[in-house]
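Subject: Structure handover

Hello,

Here is the structure I said I would pass on. My notes on what was found in it follow below.

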Amino acid sequence: MQAQPRLLPVREPELPTGVVLVLHGGASRGQQMMVSPTQLSVVRMIPTAKRVAREGRGKLAVYRVLNSYRGWDTQHTPVADVEWALGQVRERHGELPVGLVGHSLGGRAALLAGDQRGVESVVALNPWVYPDDSVDLSGRRVLVVHGTADRIALPQRAELVARRIARTTEVGFIKIPGGKHAMLRRGRAFDGYAAEFTAVSLLGHVPRGSVSDPVMRVLDGEDWVTA
């Protein structure tokens with residue numbers, strides 16, 4: 001039986017002005033193993049999605065995407081699941097601006113799917129990337145948030161990819177000292193930076209006092225920031 005991705009609503013305002021898709025990570029556990037809603041990499045994104053919804057101030061429709069399969073293989077990647085989800089939200093909400101927020105392999109999917117129609121904002125949290133990953137994200141707003149103590153998705157790789165993407169668009173990179181891959185330590189910082197950046201990118205003006213200093217520094221043009 002062919003597994004299908006799923007779209008789980010977190011917040012669905014009656015008249016949203018933007019849409020956010022929250023993408024989970026999760027390594028492969030065998031060829032084309034289905035995603036479970038209770039796996040830790042999926043559950044970890046629940047507070048991230050709720051924080052995005054809160055920062056959206058009732059104007060952003062927020063969904064969590066459950067991939068069809070765990071991991072990333074040559075036959076089917078999470079990028080295809082993002083493309084499917086984009087089609088679903090277009091059917092529901094029309095041509096609204098979209099933000100992608102992803103963790104680990106979901107961060108890689110957010111970056112590589114960021115060139116899709118309608119995507120205006122991309123946030124990658126501890127993205128698990130390959131050094132030669134490349135995508136033209138011209139016209140998008142991009143933020144990478146990475147813990148310095150991540151030993152699973154190396155921050156050096158993420159910096160390399162971020163600098164490559166920065167050749168065609170503005171990219172902010174926030175380093176979280178001591179942050180590890182699962183985003184449990186300093187989890188509120190990871191969630192908050194992703195939510196604030198996405199809200200500003202999709203909604204435009206947000207009261208300056210409601211945005212944390214690291215995100216404000218990125219929005220003011222500082223490329224590499226240590227939180």
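The second largest pocket holds about 170 Å³ of space. In this predicted model, 13 residues line that pocket, and those closest to its centre are Arg-141, Glu-170, Val-171, Phe-197 and Val-218. By class, the lining of the second largest pocket divides into 5 nonpolar, 3 polar and 5 charged residues.

The largest pocket has a volume of about 370 Å³. It is lined by 16 residues, and Gly-26, Ala-27, Ser-41, His-103 and His-181 are the closest to its centre. The lining of the largest pocket comprises 7 nonpolar, 6 polar and 3 charged residues.

Next, the cavities. How many cavities of 30 Å³ or more are there? The count comes to 2. The largest cavity has a volume of about 40 Å³. Its lining is made up of His-24, Gly-25, Gly-26, Gln-39, Asn-67, Tyr-69, Arg-70, Gly-71, Pro-78 and Leu-105. Sorted by class, these are 3 nonpolar, 6 polar and 1 charged residues. Leu-86, Val-89, Arg-90, Gly-94, Glu-95, Leu-96, Val-98, Arg-117 and Gly-118 line the second largest cavity. Helix α3 (residues 78-93) supplies the largest share of that lining, with 3 residues. The classes here are 4 nonpolar, 2 polar and 3 charged.

Two residues were looked at individually. Is His-24 buried or exposed? Its relative accessible area is 4%, so His-24 is buried. Beyond its neighbours within four places in sequence, His-24 is in contact with residues including Val-35, Gln-39, Ser-41, Val-42, Met-45, His-103 and Leu-105.

Leu-7 counts as buried because its relative accessibility is 10%, and the cut-off for buried is under 20%. Not counting residues up to four places away in sequence, Leu-7 touches Leu-21, Tyr-63, Arg-64, Val-65, Trp-84, Ala-85, Gln-88, Val-89 and Arg-92. Val-89 also belongs to the lining of the second largest cavity. Leu-7 and Val-22 are 15 residues apart in sequence, and their C-alpha atoms are 9.7 Å apart in space.

Last, the chain as a whole. The protein chain has 7 helices and 8 strands. Its radius of gyration is 16 Å, close to the 17 Å that the globule rule gives for 227 residues, so the chain is as compact as a globular protein of that length. The C-alpha trace spans about 50 × 40 × 30 Å along its principal axes. Of the 227 residues, 56% count as buried. Among contacts with a separation of 6 or more, 68% are between residues 24 or more positions apart.

Regards

Methods:
Residues are numbered from 1 along each chain as its sequence is written. This is a predicted model: local features need pLDDT of at least 70, side-chain atom pairs count only at pLDDT 80 or more; totals for chains, interfaces and linings use all residues. Side-chain values use heavy atoms; hydrogens and water are left out. On a 1 Å grid over the protein atoms alone, a cavity is a set of points where a 1.4 Å probe fits but cannot get out, and a pocket is an open set with protein on both sides within 12 Å along at least five of seven lines; lining residues have an atom within 4 Å of a point. Grid points are joined across faces, edges and corners, and a volume is the space filled by probe spheres set on the points. Ala, Val, Leu, Ile, Met, Phe, Trp, Tyr, Cys and Pro count as nonpolar, Asp, Glu, Lys and Arg as charged, and the others, Gly among them, as polar. Helices (H or I, at least four residues) and strands (E, at least two) are DSSP runs, numbered from the N terminus. Buried means under 20% relative accessible area, exposed over 50%, partly exposed in between (1.4 Å probe, protein chains only). Contact means heavy atoms within 4.5 Å. The radius of gyration is taken over C-alpha atoms; the globule rule is 2.2 Å times the number of residues to the power 0.38.
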